[in-house]
Amino acid sequence: MPVRLLSERVIDQIAAGEVVERPAAVVKELVENALDAGATRIAVLLRGGGVHRIRVIDDGSGMNRQDAMLSMERHATSKLTTLDDLLSIGTLGFRGEALPSIASVSRFSLTTRRPEDEVGTRIRLEEGKLLDVTDAGGPPGTEVDVRSLFGAVPARRKFLRSPATEHGHCVDALTRLALARPDVGFRLTIEDRDLWNVAPATEEARLAAMLGDERWIPVDGGSHGVRVAGFLAPPEVHRAAGGLFLVLDRRPVRDA
């Protein structure tokens, strides 16, 4: 078979595979962007395991039209400018691949407005193809609406599990982010039913609200410039809650 250049469409869908393994990855990327935008309230709606629809609404800083358009370009990011910035990242991520990668494998809509702007911007794409850019109303912040994930890539959909399993992965990803950021309110709606709706709170109150138990024992200590703080629970609560939740610099961490 001769060597040939791939089309931009195929390249975009391959790049999407690096970011969007399953619906939970979309939820994680979009919520992390909302947190980096300074959101104090984030609402997530899921349907069909996140395959039919994922909608994330935040009250963060929003974007003007120029930035919103640039956010849909590959390798575009507001989170670093020089190579040295890689050594001092203060955000949850720096990749400029998430939005265009998600848009390349879905029906995608982004609506955003800064508090100082009278009119916001709505951008719609389908499988990476720009449909339109229009004025939009609405409160300050950003709404991303992702529908028919992998709709034009049936081979990718074949590797997904049942809607209940995919919902579970989404819930796990969002739970870890909500536990890491008790200062932010989170609402999760699945198939038009609220699974939880938690207001900004203390760490202990967020634990009780999210994991449904109040037998938490605070621990705090450290040495040699390292501090470890957190909460412990009896073994049966630990198992029921789903294991160990680690947070480093307000970022949820998982390590096998």
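Helices (H or I, at least four residues) and strands (E, at least two) are taken here as DSSP runs, numbered from the N terminus. By that assignment the protein chain contains eight helices and 12 strands. This is a predicted model, in which local features need pLDDT of at least 70 and side-chain atom pairs count only at pLDDT 80 or more, while totals for chains, interfaces and linings use all residues. Residues are numbered from 1 along each chain as its sequence is written, and side-chain values use heavy atoms, with hydrogens and water left out.

**Overall fold**

- Of the 256 residues in the protein chain, 40% are buried, where buried means under 20% relative accessible area, exposed over 50%, and partly exposed in between (1.4 Å probe, protein chains only).
- Among contacts (heavy atoms within 4.5 Å) between residues at least 6 apart in sequence, 59% join residues at least 24 apart.

**Largest pocket**

- A pocket is defined on a 1 Å grid over the protein atoms alone as an open set of points where a 1.4 Å probe fits, with protein on both sides within 12 Å along at least five of seven lines; lining residues have an atom within 4 Å of a point.
- The volume of the largest pocket is about 960 Å³, counted as the space filled by probe spheres set on grid points that are joined across faces, edges and corners.
- Its lining comprises 27 residues, and Ala229, Gly230, Phe245, Leu246 and Val247 lie nearest the centre.
- At least two lining residues come from each of α6 (163-180), α7 (203-211), β10 (226-232), α8 (235-241) and β11 (246-248); the largest share, six residues, belongs to β10.
- The lining has 19 nonpolar, three polar and five charged residues, with Ala, Val, Leu, Ile, Met, Phe, Trp, Tyr, Cys and Pro counted as nonpolar, Asp, Glu, Lys and Arg as charged, and the others, Gly among them, as polar.

**Helix α7**

- Arg206, Leu207, Ala208 and Met210 are the buried residues of α7, and their cover includes α6, β7 (185-190), β8 (193-198) and β10.
- Glycine 212 follows α7 and has a positive phi, near 75°.

**Largest nonpolar core**

- A nonpolar core is a set of buried Ala, Val, Leu, Ile, Met, Phe, Trp, Tyr and Cys residues joined through side-chain atoms within 4.5 Å.
- The largest has 49 residues, of which Val31, Ile42, Val44, Phe108, Val146 and Phe186 touch the most other members.
- Helix α2 (residues 23-36) provides the largest share of this core, seven residues.
- Beyond its neighbours within four places in sequence, valine 31 contacts Ile42, Val44, Val56, Leu174, Leu177 and Phe186.

**Individual sites**

- Threonine 111 sits in strand β3 (residues 107-113) and is buried, at a relative accessible area of 12%.
- The side chains of threonine 111 and arginine 122 form a polar contact (3.0 Å); such a contact is a pair of N or O atoms within 3.5 Å, and within protein one must be able to donate a hydrogen and the other to accept it, residues adjacent in sequence counting only if both atoms are side-chain atoms.
- Residues up to four places away in sequence aside, threonine 111 touches Thr121, Arg122, Ala136, Gly137, Gly141, Thr142 and Glu143.
- Alanine 43, in strand β1 (residues 41-47), is partly exposed, with a relative accessible area of 25%.
- The C-alpha atoms of alanine 43 and arginine 55 are 7.9 Å apart, across 12 residues of chain.
- Serine 104 lies in the loop between α4 (98-103) and β3 and is buried, at 2% relative accessibility.
- A polar atom of the serine 104 side chain lies 2.7 Å from the backbone oxygen of serine 101.
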